[in-house]
Number of protein chains: 2
Amino acid sequence: MRVTEVSTPAVVVDLDVLERNLDRMAAYCAEHGLGLRPHTKTHKTLEVARMQLARGAHGLTVAKVGEAEVMATAMAESGTSQILVAHPIVGEEKIRRLAALASGVDVLVALDSLDAAKGLARVAQEVGRTLGVLVEFDSGSHRCGVAAGEACAELGKAIRSLKGVQVRGLMTYFGSVWGDEQHRSEEIARLSVDVERTIKAFQRAGLPLEIVSAGSTPAAELSHLVHGITEVRPGTYVFNDLNTFYQGLCTLDDCAVRVMTTVVSTCVPGQVIVDAGSKVFSSDLLSAGPKHGYGRIMEVEGASLSKLNEEHGFVQADDYGAFAVGQVVSVIPNHVCTCINMHDEIYVSRRGEITGTWNVAARGKVR
Amino acid sequence: MRVTEVSTPAVVVDLDVLERNLDRMAAYCAEHGLGLRPHTKTHKTLEVARMQLARGAHGLTVAKVGEAEVMATAMAESGTSQILVAHPIVGEEKIRRLAALASGVDVLVALDSLDAAKGLARVAQEVGRTLGVLVEFDSGSHRCGVAAGEACAELGKAIRSLKGVQVRGLMTYFGSVWGDEQHRSEEIARLSVDVERTIKAFQRAGLPLEIVSAGSTPAAELSHLVHGITEVRPGTYVFNDLNTFYQGLCTLDDCAVRVMTTVVSTCVPGQVIVDAGSKVFSSDLLSAGPKHGYGRIMEVEGASLSKLNEEHGFVQADDYGAFAVGQVVSVIPNHVCTCINMHDEIYVSRRGEITGTWNVAARGKVR
């Protein structure tokens with residue numbers, strides 16, 4: 001079956017593009033001696049996790065315990081055993097599941113408070129396990145994280161005194177490294193200072209620095225410029241999307257995912273409706289570039305989705321006559337992570353031919 | 001287990017509020033002799049569909065064939081047999097499934113083009129079934145739909161000549177009836193004219209008017225003011241949300257859904273992070289009222305979610321000291337339909353006690 005023949009709406013991954021993206025990041029990390037611990041939030045599939053591990057990823061990153069439970073399968077097969085939950089896990093039920101997982105997998109949790117660490121420690125101790133902890137510090141994204149520098153060491157020392165958890169190092173999110181190349185480079189230079197003084201504070205306190213985890217897709221290939229980092233955690237690089245394109249991180253040919261959708265209505269003058277809305281794309285706005293629109297239509301020059309209802313996509317085009325009911329078009333989504341998360345199953349293809357389907361196994365694992 | 005004790009993030013439905021909302025709409029329709037064909041897109045569960053059918057709904061509305069397949073189960077149990085797919089279904093694979101469904105269920109499809117009708121007719125004829133058709137006309141929402149009036153009758157007549165499909169009446173979406181009470185009333189008066197002349201055009205052409213389907217939640221309880229309508233299709237009324245609240249359609253006490261979420265970080269000054277982001281709430285913006293924010297936190301006066309990342313909710317509050325790591329708060333979402341759609345399972349409760357879980361059976365049925 002050709003890609004254009006799938007029943008729509010449907011997400012289709014181009015395997016050649018995916019493999020090229022995976023190879024590029026693996027080569028960058030190998031060249032600079034950086035560990036690669038990809039964030040699986042983008043693809044949520046065992047298939048891509050296996051491809052990442054086969055290309056030398058030394059572990060995986062997830063955001064939720066339920067995602068860790070899914071990804072543990074891929075870890076076990078590969079002989080790699082270290083998973084990082086890059087989100088403070090707070091709540092006994094979730095920590096019990098995490099501790100259960102820690103029998104076969106080396107589980108690390110990033111957190112930024114003694115309260116969160118105490119919660120982990122209490123349950124881990126009770127069941128006789130040890131959970132690894134990375135102290136999260138804020139290097140400029142202002143989301144989670146202790147202030148860079150001395151405060152991290154203070155928290156690290158307080159956690160060191162708890163049983164059931166073990167400080168293993170530091171984590172930060174390079175969420176402020178965003179936008180065009182110049183802005184990204186300036187931000188990398190600025191946050192390098194924060195990273196360096198945080199590492200020094202940890203060293204002075206005699207705290208372990210086995211792992212200093214950083215990165216994001218926009219920051220990934222600048223990460224070798226930041227001294228002291230041991231690994232990066234890019235996610236979006238596997239597929240890319242309009243956000244990474246508009247930041248100049250990739251070409252449109254590097255975008256591995258297309259949403260196939262069918263024109264279903266051309267009745268209202270100056271308007272075309274397709275069968276994919278926010279329940280297919282997500283409602284995520286474009287966060288770079290023009291900052292409006294919900295996806296670029298590849299078959300018609302200048303055409304995009306200007307608005308989404310739940311089940312209706314509104315096309316914006318110079319020539320609405322280029323569309324007819326029944327026509328199938330392919331769309332590059334704004335934000336591929338939240339788009340994939342809408343789907344239980346996605347198609348894979350090579351050179352325009354559908355070669356199989358993948359279960360989005362970690363989709364909907366909200367806890 | 002108390003509602004505040006669930007592992008977070010989690011969606012919890014208050015059954016008392018849900019039942020009150022269901023009763024109110026059923027009573028309104030009964031009072032005015034209007035049929036009720038609720039849109040199941042909001043709840044996507046067999047449980048709520050059964051409650052709607054038990055309260056006199058004479059059929060159900062869905063947007064996708066996959067949703068129709070799920071909801072057919074509830075239909076069969078109730079002895080009600082008519083389902084409306086309120087979206088033009090274009091594409092052979094989907095029509096084949098629809099035709100298969102039409103063996104046990106009376107299937108209606110709303111559409112606005114001869115091309116869409118021909119697609120249905122071709123497959124239905126081939127498998128020896130008949131699919132019902134409602135001609136969709138545009139009464140002001142400017143999304144799908146033939147222009148109101150004569151153009152509808154023209155399309156109806158063209159479809160009448162096809163085998164495998166049968167014109168049964170008209171459908172329109174009152175999507176322009178939105179906002180405050182005065183605006184909604186003015187819009188109802190305006191579109192009444194369109195509805196009337198479309199019905200008259202159908203009558204003149206001798207086309208069937210067994211069903212004239214209209215409505216939406218904001219328009220639902222004004223629908224008796226529009227002459228000629230036989231049924232309404234509200235969806236959101238079952239749960240309500242911040243959008244319906246800000247339109248004055250309900251009180252906060254009429255909002256049946258809370259997202260339970262836990263504070264996981266308070267490190268960054270003037271900021272609190274909870275464990276529910278766009279993969280829990282969806283990224284839908286508020287479409288009424290203040291039009292910013294992603295949900296109202298009920299425990300702390302004036303607190304809301306100002307920003308969402310995929311797994312992080314950013315709290316905005318007058319007093320950040322009111323939050324501590326580990327604290328569980330409940331949030332009314334902006335748009336409950338897209339929020340429910342993120343979850344495989346939701347909790348149900350009565351008077352603060354969890355009484356069970358429901359499978360969101362029609363979630364993720366993108367085709």
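This is a predicted model: local features need pLDDT of at least 70, side-chain atom pairs count only at pLDDT 80 or more; totals for chains, interfaces and linings use all residues.
Residues are numbered from 1 along each chain as its sequence is written, chains are lettered from A and ligands numbered from 1 in the order in which they are written, and side-chain values use heavy atoms, with hydrogens and water left out.

Is Thr244(A) buried or exposed? With a relative accessible area of 4%, Thr244(A) is buried (under 20% is buried, over 50% exposed, in between partly exposed; 1.4 Å probe, protein chains only). A polar atom of its side chain lies 2.9 Å from the backbone nitrogen of Asp241(A). Leaving out residues up to four places away in sequence, Thr244(A) touches Thr217(A), Thr236(A), Leu249(A) and Cys250(A), where contact means heavy atoms within 4.5 Å.

Over in chain B, Leu305(B) belongs to strand β14 (residues 304-308) and is buried at 0% relative accessibility. Its contacts beyond four places in sequence include Val274(B), Phe281(B), Tyr294(B), Ile297(B) and Val331(B).

### How the chains meet

Chain B and chain A each put 58 residues into the contact. Together they bury about 4700 Å², 51% of it on carbon and sulfur atoms; buried area here is the accessible area (1.4 Å probe) that two parts lose on being put together, summed over both. On the chain B side, Arg143(B), Lys279(B) and Arg367(B) lose the most area to chain A, together 13% of what that side buries.

What relates the copies? A rotation of 180 degrees with 0.0 Å of shift along its axis superposes chain B on chain A, with an RMSD of 0.0 Å (least squares on C-alpha atoms of residues with pLDDT of at least 70 in both). The two copies are therefore related as by a two-fold rotation axis. In chain B, the C-alpha of Ser283(B) is nearest that axis, at 2.6 Å. Both copies use the same surface, with 100% of the contact residues of chain B recurring in chain A.

### Salt bridges

A salt bridge is a side-chain nitrogen of Lys or Arg within 4 Å of a carboxyl oxygen of Asp or Glu. The whole structure has 56 of them over all chains, and 8 salt bridges cross the interface of chain B and chain A. Here are some examples.

| Pair | N to O distance |
|---|---|
| Glu311(B) and Lys64(A) | 3.7 Å |
| Asp344(B) and Arg363(A) | 2.4 Å |
| Glu150(A) and Arg204(A) | 2.9 Å |
| Glu210(B) and Arg168(B) | 2.7 Å |

Within chain A, Glu150(A) in helix α6 (residues 150-160) pairs with Arg204(A) in helix α7 (residues 181-204), 54 residues apart. Glu150(A) is partly exposed at 40% and Arg204(A) is exposed at 59%. Within chain B, Glu210(B) is partly exposed at 45%, while Arg168(B) is buried at 10%. Finally, Asp16(A), Glu19(A), Arg350(A) and Arg351(A) are linked in a network of salt bridges.

Terms used. A polar contact is a pair of N or O atoms within 3.5 Å; within protein, one must be able to donate a hydrogen and the other to accept it, and residues adjacent in sequence count only if both atoms are side-chain atoms. Helices (H or I, at least four residues) and strands (E, at least two) are DSSP runs, numbered from the N terminus.
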